[in-house]
Amino acid sequence: MATKIQLSILLLFFSFVLQAQSRFQRRGEKAFDKAQYPEAIAYLKNVKEKNPSINRKIAESYYFLGDYKEAESYYQKIYDSEKTADDLLALSQIYLNAGNYEAAILFSERAATAGMDRDLIDRRVDAIQKLNNGEENPGMRLRPLSEQPKSKSLGVNVLANKIVFSNLGTKNAKGDKTYQLFYSELGQQEFLSVKEFAAKLDMGVDVGGVSFSSDEKLMYYTRWYTKKGRQFMEIIEAEFKNGKWKASAVLPFNSRKYSCAYPFLSRDGKSIYFASDMPGGQGGMDLYVSHKRGKSWGVPVNLGKEINTRQNEIYPRILNDGKLWFASDGQVGYGMLDLFQASKTAEGKWGDIENAGKPLNSSYNDFSIQDSPELNQLIFVSDRNKKGIRDRIYSLGADKKVKVELLVKDDQDQNPISRANISVKRVLDNQDIAVDEAAVGNYQFDVSYYELGKGILYEIEAAKEGYESSDMKFYPTESNLNVELLLLRMKVSVEESFAKELTAIHYPDQRMIFRKIHFESGVPYLNSNAKQVLKKLADFWKIYPDLGIVINAHSDSRGNAETNKVLSLKRAKKAVEYLLALGVEQSKISYNAYGEQFIINGCVDGVACSEEKHKENRRLELLFVVK
């Protein structure tokens, strides 16, 4: 009797488990169909026996949420024989996002084999190869604007000489801060302080992603709202009347079942481009266009599968170059949202998609591009510096250069010194700056107009045979673009005092030892004392340029022998680089890296020595060679 009761309870338990599993699956699939991906993941992961369809829905949910690591994990749970062309294309995009171009191409080709359109795959592979071989555009300067939003910008747009973007404003009735519109006006050199724009326009909700009519009397903006715990977006028309912006209409293609956002109004005011996840698209947010007929907006038209992907395409803009620009995380990019441009085809459709490349794009989100009020500049939004936490607005365009005139003179008679060796380095990025001698003793180099008065440090060094080398620190401003550097004549007494520091040693090619330079433990860099010694050596060599220079680098015995040898090599190379910068001929310098091979005081492995004793072994021996 007990056995029958137990069996009944067991059957009842299994029935309950099966019903629960079935309920998890039904609810998960329902949430997935409604694009409620977090809920879909939560339900479907509770299904114990997951078939390929369930794993695919979990993978796609993570994929659409941008969690590519988890998406890859669930795509790989599907057997290769059961992976669809869409699965393989998604994996290609995941590997592309990770910078694995080889795997991205491989899975693209596998998608074609599984039935994906061959022309689409060929274009995709070609785009990946271009991306892999792409280089940053030289001569273009990327710089963050001086005025920035405090958090997210929700896109940027231009109104005359102003840029308009969102920023955290005052608190709403619930005590939460909402995103409101602000602007920054272009001054003589930079954009000025941020001020409120369209105050009291939809203050209780988040607004952003704006576009303006050519006559600046109409504005279309995105309004965020919440319905049943989910956030939606809709596009609102506002009019400028009596000195104020006031919402006037909700565009007819909006719906409470999906989102429409990020509008762009064409110059003639007859077409509005926007992003939407309305049914019938390619997936995620797609780009649409609606044309105006009289006073009414027509049915939105999807821009097609060449523009739109299973992921998100947002922030459409037609710039002065006549191209459609937009952001996408589904096209071939460097990761997350990238900026793309499309041209009109012979059939009058948007196509020929190209990634805008670096430095516009990065491995983070780059979006909302506009022609800047500043001539020959573009502005766009990126979260690259804050790694997704905060937006920054950037400007990109041809760098404006201004010339700095450097006059090098003799300290005694003030005569200009021609054919001096001039070195200019931008310290911020360790960049060597080209220098030209425009006239006798008058040297010129370029700095960016945008760096003037920004505290950017340049180091200038001048050397000339018969003179002591000289250096200076230079911070360019509009008022100090003419710089003077005086060189002291080298005196005989310097030569004689230097000669006293030489010690003859017996080598087959008659070497004379000069000085030793010592280093701190594990450090390859030259300190100020080491630079003074090398400068003195270089000055002496300029008097006797037939001398050869040998640098022998040694380390102490602590640590790995091979590591010590590499470290001594780095130290030797640092000394060589400094001597070259001081004007010593490269053909006159040779160097050796011995590591711990030649310990001079018995402080070998296993012998307890003080730090001072070990420092004696961490040395560069500087030698002159008389051949």
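Student: How many helices and strands are there in the chain?

Tutor: The chain has eleven helices and 34 strands. Helices (H or I, at least four residues) and strands (E, at least two) are DSSP runs, numbered from the N terminus. Keep in mind that this is a predicted model, where local features need pLDDT of at least 70 and side-chain atom pairs count only at pLDDT 80 or more, while totals for chains, interfaces and linings use all residues. Residues are numbered from 1 along each chain as its sequence is written, and side-chain values use heavy atoms, with hydrogens and water left out.

Student: Now salt bridges. Why can side chains pair at all?

Tutor: Side chains of opposite charge can pair when their charged atoms come close. The rule used here asks for a side-chain nitrogen of Lys or Arg within 4 Å of a carboxyl oxygen of Asp or Glu. By this rule the count comes to 30 salt bridges.

Student: Which residue meets Arg 141 in a salt bridge?

Tutor: Asp 399 does, at 3.8 Å, N to O. Arg 141 lies in strand β1 (residues 140–144) and Asp 399 in the loop between β21 (392–398) and β22 (401–410), so the pair ties together parts that are 258 residues apart in sequence. Arg 141 is buried at 18% relative accessible area, and Asp 399 is buried at 17%.

Student: Where does Lys 152 sit, and where is Asp 391?

Tutor: The side chains of these two meet in a salt bridge, again 3.8 Å, N to O. Lys 152 is in the loop between β1 and β2 (156–159), and Asp 391 is in the loop between β20 (377–382) and β21, 239 residues apart. Lys 152 is partly exposed at 25%, whereas Asp 391 is buried at 2%.

Student: Are Asp 556 and Arg 618 buried or exposed?

Tutor: Asp 556 is buried at 4% relative accessibility, and Arg 618 is buried at 1%. Their side chains form a salt bridge of 2.9 Å, N to O.

Student: What about the backbone? Which peptide bond is cis?

Tutor: Most residues other than glycine have a negative phi, and most peptide bonds are trans. In this model, a cis peptide bond joins Lys 358 and Pro 359, with omega about 5°. Pro 359 is in the loop between β18 (350–355) and β19 (366–371).

Student: What is the phi of Glu 216?

Tutor: Glu 216 has a positive phi of about 65° although it is not a glycine. Its place is in the loop between β6 (207–212) and β7, and Glu 216 is partly exposed at 35%. Met 336 has a positive phi too, of about 55°, and Met 336 is in the loop between β16 (324–328) and β17 (338–344).

Key:
Buried means under 20% relative accessible area, exposed over 50%, partly exposed in between (1.4 Å probe, protein chains only).
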